[in-house]
Amino acid sequence: MLKMSLIAATACVVLAGCEVEEVEQQPAATAPEYYPCRKVPEALKTADALLRNPSRLSANERAYWYSRQDRLVKRAWDCKG
């Protein structure tokens, strides 16, 4: 009986130690100045959607997205030229 409990406890410890945490890695954001022209419209849509309701964003996030949107618009003009 003690041997079975010991084996069960050991199995639990081994299994618990082998759990793998899956952490999603977000890709690093590409600066708008280097964004591929074909991806600029989709990036602008994302920025526009987030800025339609800026009250949901913190002040830092709002500043980031306004700056990013402005830079994406400039990139879109560069791509048209």
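C79 comes out as partly exposed, with a relative accessibility of 25%. Partly exposed here covers the range between under 20% for buried and over 50% for exposed, so C79 falls in the middle class at its 25%. All of this refers to a predicted model. The partner of C79 is C37, and the two are joined by a disulfide with an S to S distance of 2.1 Å. C37 is partly exposed as well, at a relative accessible area of 36%.

A search through the whole structure turns up one disulfide. As a reminder, such a link is a covalent bond between the sulfur atoms of two cysteines. The torsion about the S-S bond of C37 and C79 sits at about -85°, which makes the disulfide left-handed. C37 belongs to the loop between α1 (2-17) and α2 (40-51), while C79 is part of helix α3 (residues 59-80), so the bond ties together parts that lie 42 residues apart in sequence.

Turning to the rest of the fold, the protein chain has three helices and zero strands, and reading from the N terminus the elements go α-α-α. Of the contacts in the protein chain with a separation of 6 or more, 57% are between residues 24 or more positions apart.

As for the surface, 16% of the 81 residues in the protein chain are buried.

Conventions:
Residues numbered from 1 in each chain as written. Predicted model: local features only at pLDDT ≥ 70, side-chain atom pairs only at ≥ 80, totals over all residues. Heavy atoms only, no water. Helix = DSSP H or I, 4+ residues; strand = E, 2+ residues; numbered from the N terminus. Buried < 20%, exposed > 50% of the residue type's maximum accessible area, 1.4 Å probe, protein only. Contact = heavy atoms within 4.5 Å. Disulfide = S-S within 2.5 Å.
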